Amino acid sequence: MLSHSRFALTDEEKAGGLILACRAVPKTDIAVAWLGSDDEAAAAQARTWQGTVVSIDDLTHDIRRVRIRPDRTDALVFFAGQYADIRFGPSPARSYSMANRSGDPELEFHVRRVPGGAASGYVHTILRPGDRIVLEAPRGSSYLRESHCGPILCIAGGSGLAPIKSIVETALAHGMRQAIHVYFGARAERDLYLVEHFETLVRRHANLVFTPVLSEVRATARRTGAVTQAVADDFSDLTGFKVYVAGPPRMVDAAMEIAFGRGLNARDLHADVFFTPQGQPLSGAAG
Ligand SMILES: Cc1cc2nc3c(=O)[nH]c(=O)nc-3n(C[C@H](O)[C@H](O)[C@H](O)COP(=O)(O)OP(=O)(O)OC[C@H]3O[C@@H](n4cnc5c(N)ncnc54)[C@H](O)[C@@H]3O)c2cc1C
């Protein structure tokens with residue numbers, strides 16, 4: 001390797017087996033293969049699929065887990081962190097993030113009930129196992145970058161835990177060994193879910209840290225305050241991190257401000273704002 005800037009190849013990347021091809025001089029004949037880049041995945045075309053709801057259960061008082069089996073198994077392939085635009089019955093198409101790993105036999109979604117919400121209201125009151133749905137997937141560019149060797153920070157608010165679960169489980173299953181910090185923000189104890197699931201993962205994987213943070217509770221053994229404040233308190237420098245954020249707009253805004261203020265490169269932040277985009281049609285086919 002010829003001399004290069006330390007920032008171009010961090011120690012973690014070097015330890016992960018990466019080189020800078022532009023500064024490497026081959027000493028013998030070598031075989032070179034183009035593996036593509038993570039970012040090319042975003043170009044994958046979403047397609048329209050049909051499927052059946054196989055189960056619905058309550059994760060909290062206002063978040064339901066909905067499992068869907070698509071008619072075709074190709075619909076089960078996506079990048080961890082991506083989402084689907086789903087039309088439940090006559091309700092308008094809305095975006096929901098896959099919480100499972102690509103290739104699992106069913107797609108898992110966590111749907112929070114939004115007061116007065118058309119689609120989430122339907123899911124919480126009318127949707128039943130056996131119902132047919134239409135979905136358009138996979139969508140979104142806020143997915144796990146598997147070529148990244150540096151530390152990972154995930155910040156989830158409420159049902160924002162869905163894509164973060166997929167990202168974390170995929171990273172662990174694929175042998176990513178760098179530190180993975182997960183912060184899960186909720187109002188009170190009753191808004192937390194899958195805590196035991198993550199605690200089990202923490203026991204199995206020494207590189208995973210899981211921190212639930214409650215914003216509206218004082219007397220608790222858990223961390224309290226805004227989840228983004230907990231991140232701000234725990235990290236003074238996010239240089240070299242990848243940061244994945246999913247949740248309500250205000251939380252995502254605060255997370256971005258903190259991350260960039262702590263040296264994160266803009267291209268290393270991947271965020272999904274859980275809100276109905278303005279102009280989304282109130283009826284009609286998905287997508
Ligand atoms: C990329 C992406 C991924 C998403 N993934 C998920 C997911 O995994 N789980 C999930 O529960 N949601 C997710 N959402 C949000 C979801 O798409 C809907 O916006 C949400 O379910 C509300 O839809 P609705 O039809 O029930 O409410 P709407 O009928 O669209 O809205 C009803 C009212 O609530 C307001 N509103 C809309 N969303 C919210 C909100 N989040 N908080 C407060 N008020 C709101 C609207 O402005 C409106 O006044 C995601 C959104 C995006 C863009």
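## The loop residue G81

G81 sits in the loop that joins strand 2 (63–70) to strand 3 (83–88); helices (H or I, at least four residues) and strands (E, at least two) are DSSP runs numbered from the N terminus. The structure is a predicted model, in which local features need pLDDT of at least 70, side-chain atom pairs count only at pLDDT 80 or more, and totals for chains, interfaces and linings use all residues. Residues are numbered from 1 along each chain as its sequence is written.

G81 has 26 C-beta neighbours inside 10 Å and therefore counts as buried. A residue is buried if 20 or more other C-beta atoms lie within 10 Å of its own, exposed if 12 or fewer, and partly exposed in between, with C-beta atoms placed from the backbone. Neighbours within four places in sequence aside, G81 is in contact with G140, S142, Y143, L144, P163, S166, I167, Y244 and H270; contact requires C-beta atoms, placed from the backbone, within 7 Å.

## Domains and nonpolar core

Domain 1 (6–33), domain 2 (45–139) and domain 3 (152–273) are given by the domain assignment, whose bounds come from an automatic or database source. Between the C-alpha centres of domain 1 and domain 3 there are 31 Å.

The largest nonpolar core has 66 residues, and C154, I155, I164 and V243 touch the most other members. Such a core is a set of buried Ala, Val, Leu, Ile, Met, Phe, Trp, Tyr and Cys residues joined through C-beta atoms within 7 Å. Helix 3 (residues 161–173) gives the most to this core, namely six residues. Domain 2 and domain 3 each supply at least three residues to this core. For V243, the contacts beyond four places in sequence are L153, L238, A259, L264, D268 and L269.

## Packing of helices 5 and 6

Helix 5 (residues 227–234) and helix 6 (residues 249–261) have axes that come within 9 Å and cross at roughly 10°. Axes are lines fitted to C-alpha atoms, for helices over the stretch in contact, and angles run from 0 to 180 degrees between N-to-C directions. Helix 5 and helix 6 are therefore roughly parallel to each other, the term for angles under 35 degrees. On the helix 5 side the contact is made by V227, T228, V231 and A232, and on the helix 6 side by M251, A254, A255 and I258.

## Backbone geometry

Most residues other than glycine have a negative phi, and most peptide bonds are trans. The peptide bond from A137 to P138 is cis, with omega near -5°, and P138 belongs to strand 6 (residues 132–139).

L194, a residue other than glycine, has a positive phi near 55°. L194 lies in the loop between strand 8 (180–186) and helix 4 (195–204), and counts as buried because 21 C-beta neighbours fall inside 10 Å.

P212 is part of strand 9. With 24 C-beta neighbours inside 10 Å, P212 counts as buried. Beyond four places in sequence, P212 is in contact with F184, A186, L192, V195 and R222. P212 and T224 are twelve residues apart in sequence, and their C-alpha atoms are 8.6 Å apart.

A206 is placed in the loop between helix 4 and strand 9 (208–214). A206 counts as exposed because it has 9 C-beta neighbours inside 10 Å. The C-alpha atoms of A206 and R250 are separated by 31 Å, and these residues are 44 apart along the chain.

Conventions
Contact = placed C-beta atoms within 7 Å. Parallel < 35°, antiparallel > 145°, perpendicular 65-115°, else oblique.
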